[in-house]
Amino acid sequence: MLSLLIWLPIFGALLVALWPGKATTGSIRWVALAIATLTLLWTGFLMARFDFELAGLQMQETLPWIDALGLTYGLGIDGLSLPLLALNSFLIWIVIFGTNAQIARPRLFYSLVLIVSGAIAGAFLAQNLLLFVLFYELELIPLYLMIAVWGGAKRDYAAMKFLLYTAVSGVLVLVGFLGITWLSGSSSFDYNAVSPSDLPLTVQLILLTLILIGFGIKTPLVPLHTWLPDAYVEASPPVAILLGGILAKLGTYGLVRFGLQLFPESWSLVSPGLAIIGVFSVLYGALTAISQRDIKRMVAYSSIGHMGYVLVACAAGTELSLLGAIGQMVSHGLILAVLFYLVGVIETKVGTRDLDVLNGLLNPVRGLPMVSALLILAGMASAGIPGLVGFIAEFLVFQGSFPVFPVAALLCVLASGLTAVYFVILLNRTCFGKLNNATAYYPRVTWLEQAPALILVAIICFLGVQPSWLLRWSEPTAAALISTLPPGSTQTIAQSPSPGQP
Amino acid sequence: MTTAILNQATIPASKHEYADIIHRLEAGGSMLPDTPENLMQIIGIYKAYAVPMDFYWRDLLYIAERVFLDPFPFFKYFLPQEYLDLHNHYAGDDADLRIWRGPATAHPELLAFMEKGETFKMPRLFHHLWHDRINMEFAEACMRAMLWHRHMYAPVNQFDAYLDSDEYRANADRAIRAYFKYNPVMLGLYQLFPEMFLEQCRQMSYYANLGLFWEVMAPVFFEMSDLYDEGGFKGVPDAMNFLVNGIFAIAGRPIYHHAYIRGECYEIIPKSKGFTWLYEAALPYVEAVFYRTAPFRGTKSYNAQAKQVPDDQKDFHYGILYADVFPVGTAGIPPTLLMQDMLHFLPPYLVEYYQQHCRGEDDVLIQLGISFQRSMYNVTSAVIQALRTALLYPLDDPNPRHLMANRQFFEAQMDRFNRPEARLRMIQNQDYR
């Protein structure tokens with residue numbers, strides 16, 4: 001059942017690559033879209049089958065593969081991976097649906113998108129450390145190609161930077177995993193078989209640090225983030241959605257799954273440091289975004305800031321904050337996708353991303369009124385305005401982290417205010433003002449071009465007023481994850497009633 | 001062309017910022033470049049403008065004469081049949097001076113629109129409530145612009161001075177008393193606050209003034225459209241000269257304000273005062289509506305400290321010659337009302353033309369707005385040439401001193417466009433649409 005999520009896109013990619021007919025025709029797009037739709041429907045089916053009362057793994061599949069390596073093909077989902085899988089299937093569909101049919105070399109592009117989709121699904125599903133690394137590394141090359149082939153002016157540099165950083169990330173994660181398995185004397189890399197918590201604390205700390213840095217590059221956390229602005233900005237909009245919407249979630253997913261869950265004891269030792277790094281990311285992302293003049297770069301830095309919330313929430317390690325972290329991953333994926341999509345539409349139609357040139361796009365006749373309106377909604381969602389999904393996640397993060405790290409939580413609230421600052425700058429310069437009469441002869445935006453953003457915004461609004469659809473999948477899992485943490489300051493908080501919980 | 005050569009030879013070239021345009025004016029041309037595309041645009045727009053204008057002038061007169069001081073004029077935009085059948089003095093068989101060869105009653109396209117609108121045939125009240133109607137508010141805004149910019153042309157303009165005279169007060173007083181004869185409340189109020197009613201009455205006089213002005217322009221524009229369809233105009237200067245000739249032919253038509261109260265006519269401004277169309281209606285209209293009007297709420301801040309709006313009304317520069325048309329369709333941009341009105345009556349060749357440019361049907365409102373701007377530059381050119389004819393010398397005058405006087409007049413006129421908002425430079429470019 002779960003395998004279908006991986007292999008449907010991957011065999012789909014083969015099908016797209018071998019589909020007869022001219023590569024320039026739209027038929028390839030339709031094939032890719034059909035595969036993405038099937039995957040999405042299958043995800044919906046799995047969600048319907050998912051029992052969200054259960055905390056543990058569901059729908060597990062295990063096949064022996066290479067015994068000598070301890071590599072088994074073990075899959076399973078729980079409340080942590082299910083929302084991210086759904087996000088993956090959905091955003092892949094949006095990416096394929098939203099990609100211009102006139103894109104150069106469509107055969108290669110859609111194959112790569114589908115391969116990335118399968119690889120990410122595999123990473124979220126894998127219940128074997130080596131299998132995870134396999135899928136983790138598998139999405140690296142396609143994304144490198146996607147940045148390098150379809151990117152902007154500085155795409156070579158950006159793609160190479162992305163490749164190097166993420167390759168290092170993969171190596172660190174692999175080293176960490178090897179260390180966990182060998183040092184704990186396990187014969188298999190199966191997730192349930194390894195038990196690094198029996199190791200001496202110093203060793204645990206070293207391994208945890210390796211894993212944290214590995215995933216911290218991918219997330220990214222602040223000192224390790226420098227690949228992100230270049231990669232996001234130089235990538236074409238669909239690729240930026242893949243990168244920011246889904247790939248970044250691999251980093252945070254890894255932090256929770258392989259950091260917090262495998263190292264419950266040492267986690268509480270590193271968590272104050274993580275909270276500081278998280279707060280630093282949040283503030284740094286917001287402040288840097290304020291100083292940008294390129295809207296795509298602004299959105300890229302907003303992504304750094306928003307991923308920082310996830311780290312703070314994970315560091316706090318309360319049931320509520322962890323729920324908030326999962327919610328924030330999903331909400332950030334949706335919001336970043338719509339932001340990148342809209343920025344892409346603006347760039348195509350207006351021909352610039354420069355804040356000093358853009359103006360008056362809300363003009364109903366000559367501007368891009370619907371795109372601007374959606375951009376305002378998305379900006380508000382990103383800044384955490386109630387009624388939209390961003391607020392739900394951020395509030396849970398604040399509420400969950402405040403009892404543990406009050407200063408960090410307050411600084412996050414401050415950064416949330418700064419987020420509003422740069423989005424208001426962005427919206428003010430882009431949507432408001434008046435059009436330049438010399439240049440403002442922009443092509444119209446068709447309904448089909450707006451549709452992906454409309455769908456995304458509809459979901460953002462829906463989850464903002466009906467947040468239980470966002471969170472109910474993960475509540476037992478979050479509770480179970482927290483229960484493995486040693487009793488300490490965090491534990492007592494987790495047991496206290498949480499009035500803010502929806 | 002001979003005049004052009006003559007001028008160039010007699011007096012040195014102008015050093016003005018708009019020297020090219022001044023030379024064109026001296027050669028008998030228009031501020032608008034003479035291209036077939038421009039001619040098609042402006043004539044098409046004259047046609048599209050004339051149909052709502054046919055409604056405007058009838059309704060303005062209806063309000064001035066019949067609605068008068070009604071404190072609750074809920075139905076002032078509902079023209080009675082009488083006013084739809086009202087004969088335009090410059091069209092039809094019984095015209096004073098037949099400018100348009102068509103019928104003197106309301107234009108058939110207007111009647112068709114009033115009946116069906118953009119939806120379907122239903123009672124006029126529903127058309128009104130569904131906003132499927134002529135935006136009469138635009139005509140009222142033009143009227144109010146003239147009212148607020150009173151005394152622009154003093155002492156040439158006698159109309160404004162008359163509105164403040166004792167004679168006018170006495171005439172208005174009789175009409176007001178007659179109008180509220182059976183309404184003791186309003187009569188009592190009139191006793192208490194006579195100025196309030198008088199000012200309203202002055203506004204009504206301006207309703208009449210603008211209505212009488214547009215009664216002339218509508219047939220002029222209709223006739224120009226018909227002539228163009230028959231192949232009558234060779235270029236933009238021809239179209240401008242038709243307007244110049246029209247201005248002189250009509251210059252002497254009387255401007256008056258009669259109110260009809262219970263079947264009786266009260267001459268608030270009698271025809272015998274000798275107010276004429278050119279000086280009391282046309283020139284104030286051009287000044288008030290083409291040049292000045294009021295700052296758009298959507299583009300300027302009225303904040304007194306921001307000093308965006310000039311202190312002196314003569315410095316107002318918010319008319320159609322300066323307007324930024326790109327925000328048409330947005331909140332706070334009054335010309336949108338007119339653009340929407342014209343949208344219903346575009347001739348087919350303009351519809352086709354707009355579909356080929358920019359966003360086609362999606363931004364017709366702005367494209368036609370810019371055509372409207374072009375056409376109003378041509379109308380203003382006609383006014384400038386008419387003034388030059390009336391006050392100065394012919395263009396082919398052999399005396400260099402006379403030509404220099406003409407030159408100075410043109411330069412003074414062009415000085416008004418020496419500000420960044422003026423669209424004069426932009427309309428020289430065919431790609432401005």
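**Exercise 1.** With which residue does E287(B) form a salt bridge, and how far apart are the closest N and O atoms?

*Solution.* In this predicted model, the partner of E287(B) is R416(B), and the closest N and O atoms lie 2.8 Å apart, which meets the criterion because a salt bridge requires a side-chain nitrogen of Lys or Arg within 4 Å of a carboxyl oxygen of Asp or Glu. Next, locate the two residues: E287(B) belongs to helix α13 of chain B, whereas R416(B) sits in the loop between α17 and α18 of chain B, so that the pair links distant parts of the chain, 129 residues apart. Finally, consider accessibility: E287(B) is buried at a relative accessible area of 7%, while R416(B), at 27%, is partly exposed.

**Exercise 2.** Describe how helices α3 and α4 of chain A are oriented towards each other and what their contact consists of.

*Solution.* The axes come within 9 Å and cross at roughly 175°; since angles over 145 degrees count as roughly antiparallel, α3(A) and α4(A) are therefore roughly antiparallel to each other. The contact includes L84(A) and I92(A) from α3(A), and V113(A) and F124(A) from α4(A). Sorted by class, this contact has twelve nonpolar, three polar and no charged residues.

Key
Residues numbered from 1 in each chain as written. Chains lettered and ligands numbered in written order. Predicted model: local features only at pLDDT ≥ 70, side-chain atom pairs only at ≥ 80, totals over all residues. Heavy atoms only, no water. Axes fitted to C-alpha atoms, helices over the stretch in contact; angles between N-to-C directions. Helix = DSSP H or I, 4+ residues; strand = E, 2+ residues; numbered from the N terminus. Parallel < 35°, antiparallel > 145°, perpendicular 65-115°, else oblique. Contact = heavy atoms within 4.5 Å. Nonpolar A, V, L, I, M, F, W, Y, C, P; charged D, E, K, R; others polar. Buried < 20%, exposed > 50% of the residue type's maximum accessible area, 1.4 Å probe, protein only.
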